[in-house]
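This briefing is for a reader who is meeting the structure for the first time. Please look it over before reading the points below.

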Amino acid sequence: MHASPMLSREQERDLHRRLVEDDPTASVDLAETYYVWLIACLKNKNPDIHEEACVSAATDAWKSLVKNPRSYDPDKLPLSSFLRMSAQGDLRNLLKKEVSHRHESLDSVEDSLLGGNDEKEPAILPFQRDSASAILKLVREGLSAGELRALDLWLQGERTTKAFADALDLKHLSSKEQKDAVKRSKDKIKKRVERARREHDEST
């Protein structure tokens, strides 16, 4: 059995509070702490299940908590236990619907982030590989609060210009200006991914 992430109950409560308060970095911190561990737990408990199904279930559990952080009560059980039960339930639902193979193969988060364009970009699953977590940390450095929110949306699989425009506080601009500004922000993030990947590869 894989040991749960070493967060104290106080640290878990603080992370949960930040999610409730819509802290733009909280959802990524949640993934960095629990995501790879959560996939490992699912694979350990369900050894005959395809890994992509475990990845999908872990992602669904993460996204559900990010979208509805009040669904978790920190007074009742540890955050790791809540996520593990939520992910196991999501895995059962995926298997019932026979969609464990509906996601195209994603070799890495950076390849997904660099693929696609504008409204038709593929959804990003965070941390397909252990190295992606380190790369994403480098990407986040130096981003503004709005750009962090945009990155968060991208990680959740958001695709619409409107959602990114709202995250970047561009609602005062015209539709064309919003689209151009969103594209510039996405291009900036893509370039940071490319640079972070090079830096990571050079350091390993």
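Which residue lies over the face of F164? K186 does, at 4.4 Å from the ring centre. The model is a predicted one. The protein has 9 helices and 0 strands, and 47% of its 204 residues are buried.

**Overall layout**

- Read from the N terminus, the order of elements is α-α-α-α-α-α-α-α-α.
- Among contacts with a separation of 6 or more, 64% are between residues 24 or more positions apart.

**The nonpolar core**

- The largest nonpolar core contains 51 residues, and L30, L65, L79 and V139 have the most contacts inside it.
- Two or more residues of this core come from each of α1, α2, α3, α4, α6 (130-140), α7, α8 (161-167) and α9 (175-203).
- Helix α2 supplies the largest share, 11 residues.
- Leaving aside residues up to four places away in sequence, L30 touches L15, L19, Y35, W62, L65, V66, L79 and L83.

**Helix α1**

- Helix α1 covers residues 9-20, and its 12 residues should span 16 Å at 1.5 Å a residue; the end C-alpha atoms are 16 Å apart, which agrees.
- E12, L15, H16, R18 and L19 are the buried residues of α1.
- Viewed down the axis of α1, these buried residues fall within an arc of 160 degrees, so they line one face of the helix.
- The buried residues of α1 pack against α2, α3 and α4.

**Aromatic pairs**

- The structure has 2 aromatic pairs.
- In one of them, the ring centres of Y34 and W37 are 6.1 Å apart and the planes are at 65 degrees; the pair is edge-to-face because an angle over 60 degrees counts as such.
- Both Y34 and W37 belong to helix α2 (residues 26-45), where they are 3 residues apart, about one turn of the helix.
- An α-helix has 3.6 residues a turn, so residues three or four places apart point the same way.
- Y34 and W37 are both buried.
- Y72 and F82 also pair: their ring centres are 5.1 Å apart and their planes are at 50 degrees, so this pair is tilted.
- Y72 has a relative accessible area of 2% and is buried.
- F82 has a relative accessibility of 18%, and it counts as buried because the cut-off is under 20%.

**Helix α7**

- Helix α7 (residues 145-155) is mostly covered, with 9 of its 11 residues buried.
- Those buried residues are G146, E147, L148, A150, L151, D152, L153, W154 and L155.
- A145 and D23 are 122 residues apart along the chain, and their C-alpha atoms are separated by 9.3 Å.

Definitions and conventions:
Residues are numbered from 1 along each chain as its sequence is written. This is a predicted model: local features need pLDDT of at least 70, side-chain atom pairs count only at pLDDT 80 or more; totals for chains, interfaces and linings use all residues. Side-chain values use heavy atoms; hydrogens and water are left out. Rings of Phe, Tyr and Trp (its six-membered ring) pair if their centres lie within 6.5 Å; planes under 30 degrees apart count as stacked, over 60 as edge-to-face and the rest as tilted. Helices (H or I, at least four residues) and strands (E, at least two) are DSSP runs, numbered from the N terminus. Buried means under 20% relative accessible area, exposed over 50%, partly exposed in between (1.4 Å probe, protein chains only). A charge sits over a ring if NZ of Lys or CZ of Arg is within 6 Å of the ring centre and within 35 degrees of the ring normal. The expected span of a helix is 1.5 Å times one less than its number of residues. The arc is that of the directions from the helix axis to the C-beta atoms. Contact means heavy atoms within 4.5 Å. A nonpolar core is a set of buried Ala, Val, Leu, Ile, Met, Phe, Trp, Tyr and Cys residues joined through side-chain atoms within 4.5 Å.
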